[in-house]
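Subject: Structure for you to look at

Hello,

Here is the structure I said I would pass on. My notes on it follow below.

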Amino acid sequence: MSDAVLQVEGLHKSFGGVQAVADVSFAVSAGEMLALIGPNGAGKSTCFNMLNGQLAPDAGIVRLEGRDIVGLRPRAIWRLGVGRTFQITATFASLSVRENVQMALYSHAGRLRSMLSRFGAAFAAEADALLDQVGMLDQAERTCGVLAYGDLKRVELAIALANQPRLLLMDEPTAGMAPKERVALMELTARLARARNIAVLFTEHDMDVVFTQADRIIVLDRGVLIAGGTPQEVRANPNVRAVYLGSAH
Ligand SMILES: Nc1ncnc2c1ncn2[C@@H]1O[C@H](COP(=O)(O)OP(=O)(O)OP(=O)(O)O)[C@@H](O)[C@H]1O
């Protein structure tokens, strides 16, 4: 795929006798939403951890815009434009929504050592622009500790965007959210990904979110990719139905 932001080839990882990820290859294009699904223990987190440098693969190539990033530290990979959101939100509860995004902008600009008290107006306009994009500008003055969970997730998305990622890794982004909020968050993510040409790879247990929001889906089972394609193709794949979706889809 010529416009691939991320290219993964022959990724392997074992823990003792357990082959967590076995010969996994896939690619994600700019502006594309790719869902990585599979039952518990299929190897999704292990894959993510190898993509952002937290875990060293036993074998395989990970290319970000053509550059092999295997062996780089997580921070170096983040600097190259790989953002990640986690199942548990990572905002500073005592700082305001705007300050949290300002902090991320500071960090992206390499000026994290500046004292919080010197924040002042620095990056305030940029922070507000990001908050506007995720629909949180009207809550910019509130501290993150008092926000509703779904709103916190949108702040987290703004924080991830502050690093101007080329690739966004989202590990169960909608965990803990109400079903209606989940689709809304991923619709927002998809809209922003397309507008900013960001490749998004996400894991998700909510099949409604996966099948309505992903452009393509890849399916892991016991470390092996057993299927990949459009939501329609994956839904119709008998292996997927047997191994993962059961009779529900
Ligand atoms: N640090 C580790 N040490 C030993 N085994 C591990 C480690 N991390 C993962 N595993 C094993 O590797 C396999 C894949 O786990 P992984 O967490 O990647 O799956 P997952 O698809 O993310 O699961 P879930 O949906 O439950 O988060 C499992 O058998 C797990 O027990």
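Of the 249 residues of the protein chain, 40% count as buried, where buried means 20 or more other C-beta atoms within 10 Å of the residue's own, exposed means 12 or fewer, partly exposed is in between, and C-beta atoms are placed from the backbone. The model is predicted, so local features need pLDDT of at least 70 and side-chain atom pairs count only at pLDDT 80 or more, while totals for chains, interfaces and linings use all residues. Numbering starts from 1 along each chain as its sequence is written.

The secondary structure comes to nine helices and 10 strands; these are DSSP runs numbered from the N terminus, with helices being H or I of at least four residues and strands E of at least two. Among contacts between residues at least 6 apart in sequence, 66% join residues at least 24 apart, a contact being two C-beta atoms, placed from the backbone, within 7 Å.

Domains

The chain is divided into domain 1 (1-81 + 165-249) and domain 2 (93-163), with bounds from an automatic or database domain assignment. Their C-alpha centres lie 26 Å apart. At the boundary, 11 residues of domain 1 are in contact with 10 residues of domain 2. Helix H6 (residues 179-196) supplies five residues to the domain 1 side, the largest share. By class, that side has eight nonpolar, two polar and one charged residues; here Ala, Val, Leu, Ile, Met, Phe, Trp, Tyr, Cys and Pro count as nonpolar, Asp, Glu, Lys and Arg as charged, and the others, Gly among them, as polar.

Helix H6

H6 has 18 residues and reaches 26 Å from its first C-alpha to its last, close to the 26 Å expected at 1.5 Å a residue (the expected span is 1.5 Å times one less than the number of residues). Which residues of H6 are buried? They are Arg182, Leu185, Met186, Thr189, Leu192 and Ala193. These cover an arc of only 125 degrees around the axis, which puts them on the same side of H6; the arc is that of the directions from the helix axis to the C-beta atoms. Lys180, Arg191 and Ala195, on the other side of H6, are exposed. The buried residues pack against strand S3 (33-37), helix H4 (124-133), helix H5 (149-162), strand S8 (199-203) and helix H7 (207-213). After H6 comes asparagine 197, with a positive phi near 60 degrees.

Helix H3

H4 and H5 are also part of what covers the buried residues of helix H3. H3 (residues 97-108) has 12 residues and reaches 17 Å from first C-alpha to last, close to the 16 Å expected. Of those 12 residues, 10 are buried, so H3 is largely enclosed by the rest of the structure. Among them are Arg98, Glu99, Asn100 and Gln102.

Sheet

Four strands form an open antiparallel sheet in the order S2-S1-S4-S5, two strands being paired if DSSP finds at least two bridges between them. Strand S2 (18-29) and strand S5 (67-68) stand at the edges with a single partner strand each, so one side of each has no neighbour in the sheet. Eight bridges join strand S1 (residues 4-15) to S2, and lysine 13 stands opposite valine 21 in S2.

Asparagine 239

This residue lies in helix H9 (residues 238-245). Asparagine 239 counts as exposed because it has 12 C-beta neighbours inside 10 Å. Beyond its neighbours within four places in sequence, asparagine 239 is in contact with Ile226 and Ala227.

Regards
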